[in-house]
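Have the viewer open as you read.

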Amino acid sequence: MQTPSPSETQSAYPRQSALSTQREPFVPPARVLDQVNGRVLDPGTAIAVKGVRPRSTVYVGPRLLVSRGPDTDTVIGRLKAVAETLGWEASVHVDDEQPKQRDDSGVLGVVRLDLTVRDEKATIAPDGWVLLQHARALYKIPAMSSVGLDHIVLVRSIDPNPFHESNPFHESNPFGGSGSSAVSSYGVAGSGGRQPMTYAGPIPTRRPDTEIVGRRPVVATLDTGCGTHDWLVSVVKPGPGIDGRSIGYVDDETDPEKWFDQVGALDGGIDPLAGHGTFIAGLIHQACPDADIIAWRIVGSDGPMVESDLIKALGDISQVARRHRDGEPGGHPIDVLNLSMGYYHETPEDQLFDPTMYKILKLLGECGVSVVCSAGNDATARPMFPAAFAPWEDKKGGHEAVADVVPIMSVGASNPNGTDALFSNAGPWVRAFAPGASVMSTLPPFQGGLEPAARSEAWQRPRESIDPDDYTGSFALWSGTSFAAPLFAGRLAARLVDSIDPADDGRATAVARTWQALTALTSIKP
């Protein structure tokens, strides 16, 4: 057999990268989709309109989102008229707490349309994609450019259970789920899956306030919140509300950092995302002990969340940051915002791509906030959002980096030896990598329902093998781009220490300061 030349060998990789953009991401199981009436858009069977070539995505079925703008009422009226011809009723979701956030271009946010069957009608189940395609056919594609699906947003960590729901051929199992046994191996304890560990080192050194020049950098997280841990007691605080109301969830009974078995079988098993926010906060603290952390909760112990809820929370957070930078009451300093979550859009390359979320994230960038996003764990080059809003290295997508706006950062995961993790998404839209495979961080002292494989006693001392879900030692190993992003966010915050003057903390100063930190860590330039 003839050995291929180096050029032939190298040429195979760009071809693989191009093909990987066609690889479809992992689809959540039915038990996850059922929580939010989720559906999967299959391009092979979905209702079609000339000029629209969708990719697969996951969305809330009987719902549509309309970006707020000068023609919002007109667009909603047209959607209602089309819905009536299908035997459905489209009604605006009533939310008395819906904020009206504004930037220089107008009102930010979305209007949610809920779809139901009309009285005295028998028809197919209401579906947002079907309604949108009929409206595009009737009123033409540009007229519906502000309308989109309410996508299901998933947190980007590797499922810690390789035999999910007692099924050995599902999700993280090496013989299913990801389609790659090598990629799926990261979900197994001992290979990067969530597992207890012992940390014998010192607590990260945090300097007293008197030794910090100016204000401490503030890193915000929007995730499952943050639980109890000795490292984080004086470091992490709940995120502030706005105009007398909370951002995200604040109720006790659904707190994933406190109650770890809220879904699934009555077996005492630790839910997939329980402790996720505490783990993220611990990584930020390790990377920048001198930073303050604020944590908002929007994710449940099993996920998922929906795009409209994420947009609402981000809109509120953008106003908290803007008020601080503009010197208005009700603000709070935010220098970095970590988002370990994402979704795949069905039409990301054309005019049908809803711009609402980017407008909100751009406002944060205009206020000097670096939004750091995980790239995803599907081992694909298909762009995942909001990470793919970042400036693309090949300049064929994303948003161009400009001097007066801090760009969105997309972060992939690396292995302990520095190579890119097999599960990590990649491509020209992923602009940084940080450790995200088998990383160590903090976890609430959970004690799950599993037991050690063996237990005995000798010389009046109990002996046992490692309990696979006993986290009372408060430390764990875990894998995912969910954890690469906060490590990068912490490193960015470390670049801001001793450089923040509270007396000069307006937009222009904050943008310039954060840009300087970003250029020191990445190849992105304004």
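## A buried strand pair

Buried means under 20% relative accessible area, exposed over 50% and partly exposed in between, with a 1.4 Å probe and protein chains only. Helices (H or I, at least four residues) and strands (E, at least two) are DSSP runs, numbered from the N terminus. This is a predicted model, where local features need pLDDT of at least 70, side-chain atom pairs count only at pLDDT 80 or more, and totals for chains, interfaces and linings use all residues. Residues are numbered from 1 along each chain as its sequence is written, and side-chain values use heavy atoms, leaving out hydrogens and water.

On strand β2 (residues 57-60), Thr57 and Tyr59 point one way while Val58 and Val60 point the other way, and all are buried.

## Two packed helices

Helix α6 (residues 276-287) and helix α9 (residues 481-496) have axes that come within 7 Å and cross at roughly 35 degrees. Axes here are lines fitted to C-alpha atoms, for helices over the stretch in contact, with angles from 0 to 180 degrees between N-to-C directions. Contact means heavy atoms within 4.5 Å; among the residues making it are Phe279 and Leu283 of α6 and Phe483 and Leu487 of α9.

## The largest nonpolar core

A nonpolar core is a set of buried Ala, Val, Leu, Ile, Met, Phe, Trp, Tyr and Cys residues joined through side-chain atoms within 4.5 Å. The largest has 57 residues, of which Phe279, Val372 and Phe488 touch the most other members. Helix α9 gives the most to this core, with nine residues.

Leaving aside neighbours within four places in sequence, Val372 is in contact with residues including Val336, Met409 and Phe488.
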